[in-house]
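Hi,

Here's the structure I promised to pass on. Have a look, and then read my notes below.

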Amino acid sequence: MKSLNNYIDHTLLKATATKKDIQKLCEEAVTYQFFSVCVNSCYVSIAKEFLKHSKVKVCSVIGFPLGAMSSKSKAAEAQIAIQNGADEIDMVMNIGYLKNKDFDSVCKDIEAVKNVMPNNTLKVILETCYLEDDEIIKASELAIKGGANFIKTSTGFGTRGASMQDVKLMKDVAKDTTKIKASGGIKDAKTAIEYINAGAERLGTSSGIAIIKGEISNSSY
């Protein structure tokens, strides 16, 4: 296993986040050598500027947190984020399309984003809290078909975050061809290691410092 810090996307996505908050997030990411910072798209350029002399990547969320905007708007947001310096994109799947069993539209929505960033890492958020087990399996299949490099459990803004059952179902579909990111509710090292052992290759959390220090965070994400 790599060191825990190398699995962590150090995350700040709350609506009240300020420029100062983002700079603090970046400072922490450099100090603890996290894999990336994960921010809303309006803050990509600020994060990129702050991190330009470090190895920390910049990840931007797209279509966040509902995933219910048009494919064109998601693609445009992703394209602008990449132009502003994002290394990776975490987009939210259109859950309504999935529930409608409009699987072609689900796939085309993902493809629209991947097409504007063919050389960058795309993570597709399934928002598993709203899905039955068979829907998690189908969502995983569609995300992979659409071009996802990772399938991700949660936004952290749904009714719950990741679960071990979610990751198991996703891993059964992804096997070794697509990576998994677990996010939401990972607040201590024990839980982080359990998700990694279950197959997660990235962790989305705002509790990265507590995880590295062996503490338990009271963060909501």
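Which residue is the bridge partner of Ile62 in strand 4? It's Met91. Before going on, note that this is a predicted model, where local features need pLDDT of at least 70, side-chain atom pairs count only at pLDDT 80 or more, and totals for chains, interfaces and linings use all residues. Residues are numbered from 1 along each chain as its sequence is written, and side-chain values use heavy atoms, with hydrogens and water left out.

Back to the strands (DSSP runs of E, at least two residues; helices are runs of H or I, at least four; both are numbered from the N terminus). Strand 3 (residues 57-62) runs parallel to strand 4 (residues 88-92), joined by four bridges. Strand 3 also pairs with strand 2 (residues 36-40), again in the parallel sense, over five bridges; pairing takes at least two DSSP bridges. There, Asn40 stands opposite Val61. Five of the six residues in strand 3 are buried (under 20% relative accessible area; exposed is over 50%, partly exposed in between, with a 1.4 Å probe and protein chains only).

Now the rings. Phe, Tyr and Trp rings (for Trp, the six-membered one) pair if their centres lie within 6.5 Å; planes under 30 degrees apart are stacked, over 60 edge-to-face, the rest tilted. That gives two aromatic pairs. Tyr32 and Phe34 are stacked, because their ring centres are 5.9 Å apart and their planes at 20 degrees. Phe64 and Phe157 sit edge-to-face, because their planes are at 90 degrees, with centres 5.3 Å apart. Those two are 93 residues apart in the chain.

Cheers
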